[in-house]
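Reader: I would like to go through a model feature by feature. Please give the general idea each time, then the case at hand.

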Amino acid sequence: MFAMALVLLMLGFQVAFVFGGVALFFAMISDEVGLHVLEMLPYRTYGIMGNITLMAVPLFILMGLILEKSKMAENLLSSMGKLFGSVRGGLAISVVLVGAILAASTGIVGASVVMMSLIALPLMLKHNYSPALASGSIAASGTLGQLIPPSIVLIVLGDQMHLSVGDLFKAAVVPGILLIILYILYILIFAFLRKEAAPAIISDEPYKTVAKAAFKAILPPLLLIAAVLGSIFAGIASPTESAAIGVLGAFALAAYNRVLDFELVRYAAVETVKLTAMIFMILIGATAFSLVFNELGGGDMALQFFTGDVGSKWTFILIAMMVIFLLGFFIDFIEIAFVVVPILVPIVASFGIDPVWFAILIAMNLQASFLTPPFGFALFYLKGAAGDKVTTAAIYRGVVPFIILQVVALGIIVLFPDLIYLFGK
């Protein structure tokens, strides 16, 4: 079933129809299963539609789309670029920091990468930055939204692994900060070793004025982040309720920047419906796939393999991470979360592995899937927005060090699992 689904995805068929179609095909040809197994699908679908946790998905998407059009990214990049421009590699560092702020406020990879490609990339190339460093820092920073809360990936993993989304949000903060630190350290070392590839930019503006402008640009999104994540961490609101608070905050920011109008609301509403429909269609297709897969004994076979044949917790973790990493080269995080993760859940329980820690490892791994060629979505977004400014080869060269840094960060969290609980359990 997996092989057939992977081949059809590689041929370019729509994801939701691939999983649903493969499930239907194997149900029809198998004597031991039969089409009657799909009678459970409507009940599962009703369960999905009534899931309060998943209601946060369209709300966070709506929040991100409103912020995408609110000129927040332009103001942040302009101010942060001036603030760090005098440091070698300062523009790339400002891209990482802005990417982190956008991740914690919008959480939409496509929007973050495209915005930074349109605004920061021409500026970096104008100041003789290495095209590889410029494109790599933009693509990697844009994917931080997959890990830093409020992340759609964490919401989906919370639902699929039956975990508290609030606990996952808390646990993801330290890995997110760790990645930001690793990115900045790499840029500083790269700029030190290759001075011509990341030159400093001398500004005539007084630093006090620049710092004041940067503070003014950073404050509104920070207040929004504090309202959304603070309400979850303090236990005042559930993730779904905090998502609604985030939408109200996004409208307030758009009004503050004087861009709130009917066109913005219409654009955000229509795109939210499209993205939400796509995610839930994939989820329904993946549910049908899981039904047939489990009826054929796939789940039991996987459990027997890891607990009986392999028998080692660490071997299971290594194989699971490698499989997810390799699948990330070819398929999207949504398919992996909806199809692969449910198979791993009973195995995690049988080995007594901390499910929150394991979910964070998966989230960090899925983040890398946005950067890995040939189907890394961040690479497509960057190339589409950049046009002929950078070559595909330069983009691929640029993202490789950041993929390695993500693997290093994953290794650190594997070796020091208690790091994820620094902000509480």
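Author: Trp 357 touches Trp 314, Ile 317, Ile 413, Val 414, Pro 417, Ile 420 and Tyr 421, leaving aside residues up to four places away in sequence. Contact here means heavy atoms within 4.5 Å. This is a predicted model, in which local features need pLDDT of at least 70 and side-chain atom pairs count only at pLDDT 80 or more, while totals for chains, interfaces and linings use all residues. Residues are numbered from 1 along each chain as its sequence is written, and side-chain values use heavy atoms, with hydrogens and water left out.

Reader: Is Trp 357 buried or exposed?

Author: Buried means under 20% relative accessible area, exposed over 50%, and partly exposed in between, with a 1.4 Å probe and protein chains only. Trp 357 counts as buried because its relative accessibility is 5%. The C-alpha atoms of Trp 357 and Ile 420 are separated by 7.3 Å, although the two are 63 residues apart along the chain.

Reader: In which element does Trp 357 lie?

Author: Helices are DSSP runs of H or I with at least four residues, strands are runs of E with at least two, and both are numbered from the N terminus. Trp 357 lies in helix 17. The expected span of a helix is 1.5 Å times one less than its number of residues. Helix 17 has 14 residues and reaches 20 Å from first C-alpha to last, close to the 20 Å expected. Of its 14 residues, 13 are buried, and helix 17 is thus mostly covered.

Reader: What caps the N-terminal end of helix 17?

Author: The term to have in hand is the polar contact: a pair of N or O atoms within 3.5 Å; within protein, one must be able to donate a hydrogen and the other to accept it, and residues adjacent in sequence count only if both atoms are side-chain atoms. Asp 354 is the cap, with a side-chain oxygen 3.1 Å from the backbone nitrogen of Val 356.

Reader: Which residues does Gln 367 touch?

Author: Gln 367 is placed in helix 17, residues 355-368. Not counting residues up to four places away in sequence, Gln 367 touches Ala 140, Thr 143, Leu 144, Gln 146, Leu 147, Leu 179, Tyr 183 and Gln 406. With a relative accessible area of 0%, Gln 367 is buried. A polar contact of 3.2 Å joins its side chain to that of Thr 143. Asn 365 also lies in helix 17. Asn 365 is buried at a relative accessible area of 3%, and touches Met 321, Ile 324, Phe 325 and Leu 410, again not counting residues up to four places away in sequence.

Reader: How many residues of helix 9 are buried?

Author: Nine of the nine residues of helix 9 (152-160) are buried. What covers them includes helix 4 (56-68), helix 10, helix 13, helix 16 and helix 17. At the start of helix 9, a side-chain oxygen of Ser 151 reaches to within 3.1 Å of the backbone nitrogen of Val 153. Just after helix 9, His 162 takes a positive phi of about 55°.

Reader: Where does helix 10 bend?

Author: The bend at a residue is the angle between axes fitted to the seven residues ending there and the seven starting there. Helix 10 bends by about 30° at Ala 172, with Pro 175 following within four residues. Helix 10 (165-193) has 29 residues and reaches 42 Å from first C-alpha to last, close to the 42 Å expected. At its start, a side-chain oxygen of Ser 164 reaches to within 3.3 Å of the backbone nitrogen of Gly 166.

Reader: Which residues line the largest cavity?

Author: Rolling a probe the size of a water molecule over the atoms shows where empty space is left. On a 1 Å grid over the protein atoms alone, a cavity is a set of points where a 1.4 Å probe fits but cannot get out, and a pocket is an open set with protein on both sides within 12 Å along at least five of seven lines; lining residues have an atom within 4 Å of a point. Grid points are joined across faces, edges and corners, and a volume is the space filled by probe spheres set on the points. The largest cavity has a volume of about 40 Å³. Phe 289, Ser 290, Phe 293, Asn 294, Val 339, Pro 342 and Ile 343 line it. Helix 13 gives the largest share of that lining, four residues.

Reader: How much space lies in the second largest pocket?

Author: About 460 Å³ lies in the second largest pocket. Of its 19 lining residues, Arg 44, Gln 160, His 162, Thr 287 and Pro 342 are the closest to its centre. Helix 3 (41-49), helix 9, helix 13 and helix 16 each supply at least two residues of the lining.
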